[in-house]
Amino acid sequence: MNFLTSILLGLIQGFAEFLPISSSGHLSLFQNFFGLQTAEQSSLFFDVLLHLGTLIAVFVYYWDDIRGMAVEFGDMCLELAGQRRSRPNAQSLSLRRMLLLIVVGTLPLLLVLPIKSRIEALYDNTWFVGGALIVTGLLLFISDRLAKGRKTVRSATLTDVLLVGCAQAVATIPGLSRSGATISAGLLLGFDRKFAVHYSFLLSIPAVIGANLLSLVDAVQAGIDWSLLQVYIVGACVAAMSGYFAIGVVKKLTDQGRFGNFAYYCWGVGALTIILSVIFLFLNK
């Protein structure tokens with residue numbers, strides 16, 4: 001592991017994590033066709049730091065919302081304890097409802113835990129990854145051509161966000177984009193474009209935190225090479241900066257009704273993945 005590899009993995013993690021192009025699909029392609037080690041293969045601790053970098057990007061971009069929800073959660077706890085009885089205003093109610101929607105939308109991820117190892121086994125199946133990228137492109141293409149929805153945090157139902165959460169759970173499959181799946185699901189369910197993006201990225205927070213906690217335990221058990229800490233930190237910083245930029249790009253393009261432009265890229269990479277899979281199949285015979 002050197003600084004160049006760290007920066008490259010940080011860029012892949014930051015951009016592909018938030019752009020609807022599947023970070024897992026791209027990492028699979030680089031690993032299987034070009035021999036690039038993923039962050040997880042290089043060091044579990046480095047993988048944790050890269051995901052921490054993208055988590056920081058979300059926190060910085062949506063800090064006002066996150067801080068507001070944290071405050072409202074504390075107020076609700078005080079109210080339940082009978083220590084506070086002030087009536088929440090409209091903004092407080094909106095933040096509390098967003099918190100509820102995030103909790104409900106995260107629940108489907110629990111269904112993935114028992115089959116986590118089977119999903120990870122698909123990582124080396126480049127045929128499957130290529131097909132999944134093409135499916136991602138199809139989702140983006142269709143969702144971008146729907147009539148504009150009007151559902152917001154106040155009108156989205158628990159069933160709506162549960163379905164978006166199911167899309168997030170399915171998108172743990174390599175080649176399917178998490179942001180692409182959740183934003184597309186939101187648009188298909190009639191979400192306002194801005195709300196679909198907003199909710200998708202906030203929904204990623206508990207998913208990333210949960211995955212990082214599980215990975216951190218494994219990383220500590222596997223051992224941490226502290227001599228490479230500077231290299232790891234550089235990669236995490238790159239992931240944070242590129243992730244912040246990627247969130248802005250997705251937000252802007254979705255607002256402009258150009259979210260589907262990413263479909264052509266996914267189709268191209270998916271087709272390239274399948275073509276390379278065929279070539280490598282014949283070369284290895």
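A pocket here is an open set of grid points with protein on both sides within 12 Å along at least five of seven lines, and a residue counts as lining when it has an atom within 4 Å of a point. Keep that in mind for a walk through this structure, which is a predicted model.

Helix H5 (63–80), helix H6 (90–106), H11 and helix H12 (229–255) each put at least two residues into its lining. H5 gives the most, with seven residues. The volume of this second largest pocket comes out at about 430 Å³. It has 24 lining residues, and the closest to the centre are Asp65, Ser94, Leu95, Met98 and His198. Sorted by class, the lining of the second largest pocket has nine nonpolar, seven polar and eight charged residues.

Now for the largest pocket, which holds about 1500 Å³ of space. Here 46 residues make up the lining, and if you want to find the centre on screen, look for His51, Lys116, Glu120, Thr172 and Ala211, the closest to it. Two or more lining residues come from each of helix H1 (3–18), helix H2 (23–34), helix H3 (39–42), helix H4 (44–61), helix H7 (116–121) and helix H11 (193–222). H11 is the one that gives the most to the largest pocket, with 10 residues.

The largest cavity has a volume of about 40 Å³. Around it sit Ser143, Leu146, Ala147, Lys148, Gly149, Leu187, Phe191 and Arg193. By class, that is a lining of four nonpolar, two polar and two charged residues.

The second largest cavity holds about 30 Å³. Its lining consists of Glu17, Phe18, His51, Thr54, Leu55, Val58, Ser204, Ile205 and Val208. The elements giving two or more residues to this lining are H1, H4 and H11, with H4 giving the most at four residues. Five of the lining residues are nonpolar, three are polar and one is charged.

Next, how do some of the helices pack? Two packed helices are described by the angle between their axes and the distance between the axes. Take H11 and H12 to begin with. They pack at an angle of about 155°, and their axes are 8 Å apart. Angles over 145 degrees count as roughly antiparallel, so H11 is roughly antiparallel to H12. H11 passes H12 in a right-handed crossing. On the H11 side the contact involves Arg193, Lys194, Val197 and Phe201, and H12 brings Ile247, Val250, Lys251, Thr254 and Asp255. That contact divides into four nonpolar, one polar and four charged residues. Arg193 links two parts of the tour: it belongs to this helix contact and to the lining of the largest cavity.

Another pair is helix H8 (residues 126–143) with helix H13 (residues 261–283), packed at about 165° with axes 8 Å apart. The same cut-off makes H8 roughly antiparallel to H13. This crossing is left-handed. The contact of H8 with H13 contains 16 nonpolar and eight polar residues, and no charged ones.

The last pair to look at is H6 and helix H9 (residues 158–170). Their axes come within 7 Å and cross at roughly 45°. Angles under 35 degrees count as roughly parallel and 65 to 115 as roughly perpendicular, so H6 and H9 are oblique to each other. The crossing of H6 and H9 is right-handed. H6 contributes Leu100, Leu101, Val104 and Gly105 to the contact, while H9 contributes Leu158, Val161, Leu162, Gly165 and Gln168. In class terms, there are six nonpolar and three polar residues here, and no charged ones.

Note on methods:
Residues are numbered from 1 along each chain as its sequence is written. This is a predicted model: local features need pLDDT of at least 70, side-chain atom pairs count only at pLDDT 80 or more; totals for chains, interfaces and linings use all residues. Side-chain values use heavy atoms; hydrogens and water are left out. On a 1 Å grid over the protein atoms alone, a cavity is a set of points where a 1.4 Å probe fits but cannot get out, and a pocket is an open set with protein on both sides within 12 Å along at least five of seven lines; lining residues have an atom within 4 Å of a point. Grid points are joined across faces, edges and corners, and a volume is the space filled by probe spheres set on the points. Ala, Val, Leu, Ile, Met, Phe, Trp, Tyr, Cys and Pro count as nonpolar, Asp, Glu, Lys and Arg as charged, and the others, Gly among them, as polar. Axes are lines fitted to C-alpha atoms, for helices over the stretch in contact, and angles run from 0 to 180 degrees between N-to-C directions. A crossing is left-handed if the near helix is turned anticlockwise from the far one by less than a right angle, and right-handed if clockwise. Contact means heavy atoms within 4.5 Å.
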